[in-house]
Amino acid sequence: MIDLKGIRKSLGFTQADFAEELRIDRTSLSDYERGKTTMPPYVEKLIELYLEVHGETGLLYQVDSLNSELKKLDRDAELDAGRRRRSRRNPLPGIEGA
């Protein structure tokens, strides 16, 4: 899935300007960014072609890579928080009543 908002911001566009560049409605662009509606495949293709024509194809991979790293960091933080909660319940594992 394309991170539309990340790509748009990386290119320095407002929603209105990017929608105009892609020849789509600004409200639709906003809905896609917020996940209110699913982006149709033709819009994904439009974005890929736009980036290709403007020499920015690396943005797709950079934004996807950043999002993957952020998700990994979020998962790691959740795991750490879970470990801390468990260790507070029983500070001395293996010893009942501690």
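## Tour: from Arg23 into the helices

Start by selecting Arg23, which follows helix α2 and has a positive phi, near 65 degrees. Helices here are DSSP runs of H or I, at least four residues, and strands are runs of E, at least two, numbered from the N terminus.

Before moving on, note the source: this is a predicted model, where local features need pLDDT of at least 70, side-chain atom pairs count only at pLDDT 80 or more, and totals for chains, interfaces and linings use all residues. Residues are numbered from 1 along each chain as its sequence is written, and side-chain values use heavy atoms, leaving out hydrogens and water.

Zoom out to the protein chain. It has 5 helices and 0 strands. Of its 98 residues, 26% are buried (under 20% relative accessible area; 1.4 Å probe, protein chains only).

Now select α2, residues 15–22. Gln15, Phe18, Ala19 and Leu22 are buried there. They sit on the same side of α2, because they cover an arc of only 100 degrees around the axis. That arc is taken from the directions from the helix axis to the C-beta atoms.

Contact means heavy atoms within 4.5 Å.

Next, pick Val43, in helix α4. Is Val43 buried or exposed? Val43 counts as buried, because its relative accessibility is 0%. Show Ile24 and Tyr32 too: Val43 touches both, not counting residues up to four places away in sequence.

Finish with a distance. Val43 and Ile24 are 19 residues apart in sequence and 8.4 Å apart in space, C-alpha to C-alpha.

Definitions and conventions:
Buried means under 20% relative accessible area, exposed over 50%, partly exposed in between (1.4 Å probe, protein chains only).
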